[in-house]
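Visitor: I would like to learn how to read the features of a protein model, beginning with a strand. Could you take me through one slowly?

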Amino acid sequence: MNIRHEAEKKSFVAYDDAGKEMGKLVYSLAKEGKLITIDSTMVDSEYRGQKIGDYLTQDLIADAREKEAKIWPVCPFAVAYFQKHPGEYDDVLLK
């Protein structure tokens, strides 16, 4: 699996070794890029159960930390992800 940050499309996309899209996290930006809203996380049914959504979210978190931005999870998957990891991402989670 290869995850690419496709900044021009405001997304992180997971591809399999053949280049097929496995899943995508779509975000939007506000406050001059210092607020990242996770709008949706989608994983192709063929790849569900492989933690692809987790990996996409973790890559976005790493990017937010690098940019010193805050994350506002809106999509149900992202909300659940942050709830499953209490305190782990307090440095980037918008409160």
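This is a predicted model: local features need pLDDT of at least 70, side-chain atom pairs count only at pLDDT 80 or more; totals for chains, interfaces and linings use all residues.

Visitor: How many bridges join strand E4 to E5, and how does the chain cross from E4 to E5?

Guide: Strand E4, residues 35-43, runs parallel to E5 and is joined to it by four bridges, and in one of these pairings threonine 37 has tryptophan 72 as its partner.

Visitor: Which residues have the most contacts inside the largest nonpolar core?

Guide: In soluble globular proteins, nonpolar side chains tend to be buried together. Here the largest nonpolar core has 23 residues, and those with the most contacts inside it include Ile61 and Ile71. Helix H1 gives the largest share of this core, five residues. Leaving aside neighbours within four places in sequence, isoleucine 61 is in contact with Ile71, Tyr81, Phe82, Tyr89 and Val92.

Visitor: Why does tyrosine 47 count as buried, and where is it found?

Guide: Tyrosine 47 lies in the loop between E4 and H1, and it counts as buried because its relative accessibility is 9%, where the cut-off is under 20%. Its side chain makes a polar contact of 2.9 Å with that of aspartate 16.

Technical notes:
Residues are numbered from 1 along each chain as its sequence is written. Side-chain values use heavy atoms; hydrogens and water are left out. Two strands pair if DSSP finds at least two bridges between them. Helices (H or I, at least four residues) and strands (E, at least two) are DSSP runs, numbered from the N terminus. A nonpolar core is a set of buried Ala, Val, Leu, Ile, Met, Phe, Trp, Tyr and Cys residues joined through side-chain atoms within 4.5 Å. Buried means under 20% relative accessible area, exposed over 50%, partly exposed in between (1.4 Å probe, protein chains only). Contact means heavy atoms within 4.5 Å. A polar contact is a pair of N or O atoms within 3.5 Å; within protein, one must be able to donate a hydrogen and the other to accept it, and residues adjacent in sequence count only if both atoms are side-chain atoms.
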